[in-house]
Amino acid sequence: MNDIKIKVEGKKAYVYTPYNKSFTQKIKKIRSAIWNGSAWKIDADFVSAVREIIKDVYGYDDTDTEVDTVSLRVTFLQHQEKWHDDIRMFGKTVAAAYGRNTGAKLGKDAALIKGNVYSGGSVKNWTTNIAMDSVILLNNVPREMYEKRKDTYSQEEIKIEIAEDNKNSREKLKEEKERLLKRIAEIDKLLLACECNVEAHQ
């Protein structure tokens, strides 16, 4: 899952992350940070500081080879609106508009089960909106981020449930793979024994 990269080249480092406005605002506070069109260029001395920012915003960083995640079923009990910005949860973009008449698009890890996402407001003061009673499945949420922030959302406005424990799903798949490999080994032995019996009777 890790779509975050940091490349160190001499005294400079290049930071690649999915777009997140909170991250952009925070990395800009590092004096040497410059956006080059594809990555944030920083002094290599600030890599450890940037990793702390990344961990806080996304729930994982470039050093995490396997991220423990969950899928969430999010029910919006009340209408949600964000002025001049995306609507994000747990470091993930849920919905994003770009102007009053652009409509709103779901984030890459979001799936609309019920309801609607849309743009609104005025030309100068556009908004991203999620309609009341909408239900969205939010995938690949780092478990650490979920545990850290699940209580920061108002239970009167948003209901959050774990739809799937991806760690358990992976473990079940591994168990199934081991069972199948064991069965294949048993079949190979039976086939070999059959071949030996055939050869003995020839």
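Modeller: Let's start with pairing: two strands pair if DSSP finds at least two bridges between them. Strands (E, at least two residues) and helices (H or I, at least four) are DSSP runs, numbered from the N terminus. This is a predicted model, where local features need pLDDT of at least 70, side-chain atom pairs count only at pLDDT 80 or more, and totals for chains, interfaces and linings use all residues. Residues are numbered from 1 along each chain as its sequence is written, and side-chain values use heavy atoms, with hydrogens and water left out.

Biologist: Okay, in what order do the four strands of the open sheet stand?

Modeller: The order is E1-E2-E4-E3, with antiparallel pairing. E1 (5-9) and E3 (34-35) are at the edges with a single partner strand each, so one side of each has no neighbour in the sheet. Five bridges link E1 to E2 (residues 12-16), and Glutamate 9 stands opposite lysine 12 in E2.

Biologist: Which helix packs on the sheet?

Modeller: For that you need contact, meaning heavy atoms within 4.5 Å. Angles run from 0 to 180 degrees between N-to-C directions, using axes fitted to C-alpha atoms, for helices over the stretch in contact. Here, helix H2 (residues 47-58) touches E1, E2 and E4 (40-43), and its direction makes about 175 degrees with that of E1.

Biologist: And how do I read a nonpolar core?

Modeller: In soluble globular proteins, nonpolar side chains tend to be buried together. A core is a set of buried Ala, Val, Leu, Ile, Met, Phe, Trp, Tyr and Cys residues joined through side-chain atoms within 4.5 Å. Buried means under 20% relative accessible area, exposed over 50%, and partly exposed in between (1.4 Å probe, protein chains only).

Biologist: Which residues have the most contacts inside the largest core?

Modeller: Leu72, Met89 and Phe90, in a core of 23 residues. Elements giving two or more residues include strands E5 (69-76) and E8 (92-97) and helix H3 (143-149); E5 gives the most, with four. Methionine 89 touches Val74, Phe76, Val94, Leu138, Tyr153, Ile158 and Ile160, leaving aside residues up to four places away in sequence. There's also a second, separate core of 18 residues, Val15 and Ile27 among them.
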